[in-house]
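Visitor: I have a protein model to look at. Please show it to me and take me through it.

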Amino acid sequence: MTAAQAVDEVENTWSRYWAEGHLHSCPTSFAGYYGPQTQAFWRTVARALGPSDAVLELGCGNAGLLALLGEMFPVGEAPSLMGVDAAALDNSQLATQRNSHPNHARICVMGRTRFDSLGLESASVTALISQFAFEYGATDAAWAEVLRVLAPTARIACVVHKSGSLLDCVARDELTLIRQVAEPGKLLELAGAMIPLLDQASTAEGRERLSADSAAVAIKENYNSSVQSVLALGQALPHGGYADDLLRHLTAVLGRVGVAGVARSLDELAELCQGLDEHRVRLEALRAAALDTAGLDIFRERLEQNGFSPVSISVLHERGEEMGWALEGIRE
């Protein structure tokens, strides 16, 4: 796979992810828009903005952050809020369409827009924001384009992935689980072999034949053994709770075989496998984008070299766990 194809793969997986209606990238951990400390950070950012500002969010997804910011201002006093994302976005899934807050009317979102080709006028943006996004595509071309659209007097506020953070560690452990279940001869392959057996077991005659079929008995034993291996791995990993979620979805597919039939059940298993593979792609991209201190220094130096000084850096926490790096800078 070429570098360009890899970029396309990541963008396409995110397109399907946002089409499911998620507000952000951690829906199983945070029901709203992340947690109180993350929201407090953005409230601090919002206090420095006003109706004359033009705010651009890089990697806006379904506009969860933009909707949150819009609601922080009195009606009619919000800045102009716009967002871009490299993924395709469905307007019906945007957070700005889910309630009728008056300030949401000023929010503009553009999908299929990469950071190195924003399509905005030069010096037209007075505030740049990003939440777990810019670090994914902060190429030289992207930096040049961002700096082109920023006004001479501007501010920047970003939360970026941190190497060793909670999100990075969860991604590491979930990848470990996904890779195990996807190995040849392991859980997912064995589940496919179980489907025709479960269909046969829907009748008394079928169950009797299966009990005398040594190959069928071996498949069942291997499947059950693989399930136990996944559960054991999930318990051994610091953030292995994903094992329970994965097995719950797989059990639901297998539990419907008697009603759905073999063909439909195999299709459902294929859909589950595709979803896991897309999740793997997103997790690998997250881990590759997470910044250690050296990577953070490069990010900071880029800003300082272009007039954003000083750059404030802190570690954003939620529930006592590190979530990411928070960066703020002003160019006056």
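Guide: Helices (H or I, at least four residues) and strands (E, at least two) are DSSP runs, numbered from the N terminus. The model is predicted: local features need pLDDT of at least 70, side-chain atom pairs count only at pLDDT 80 or more, and totals for chains, interfaces and linings use all residues. Residues are numbered from 1 along each chain as its sequence is written, and side-chain values use heavy atoms, leaving out hydrogens and water.

Visitor: In which helix does Arg280 lie?

Guide: Contact means heavy atoms within 4.5 Å. Leaving out residues up to four places away in sequence, Arg280 touches Glu9, Leu175 and Ile178. The helix that holds Arg280 spans residues 257-289 and is H10.

Visitor: Are H6 and H8 roughly parallel or oblique to each other?

Guide: Axes are lines fitted to C-alpha atoms, for helices over the stretch in contact, and angles run from 0 to 180 degrees between N-to-C directions. Helix H6 (residues 187-200) packs with helix H8 (residues 214-236) at about 140 degrees, the axes being 9 Å apart. Angles under 35 degrees count as roughly parallel, over 145 as roughly antiparallel, 65 to 115 as roughly perpendicular and the rest as oblique. H6 and H8 are therefore oblique.

Visitor: Which residues of H6 meet H8?

Guide: On the H8 side, the residues met include Ala216, Ile219 and Val230. From H6 come Leu187, Leu190, Ala191, Ala193, Met194 and Leu197.

Visitor: How far apart are the C-alpha atoms of Arg280 and Val149?

Guide: Along the chain, Arg280 and Val149 are 131 residues apart.
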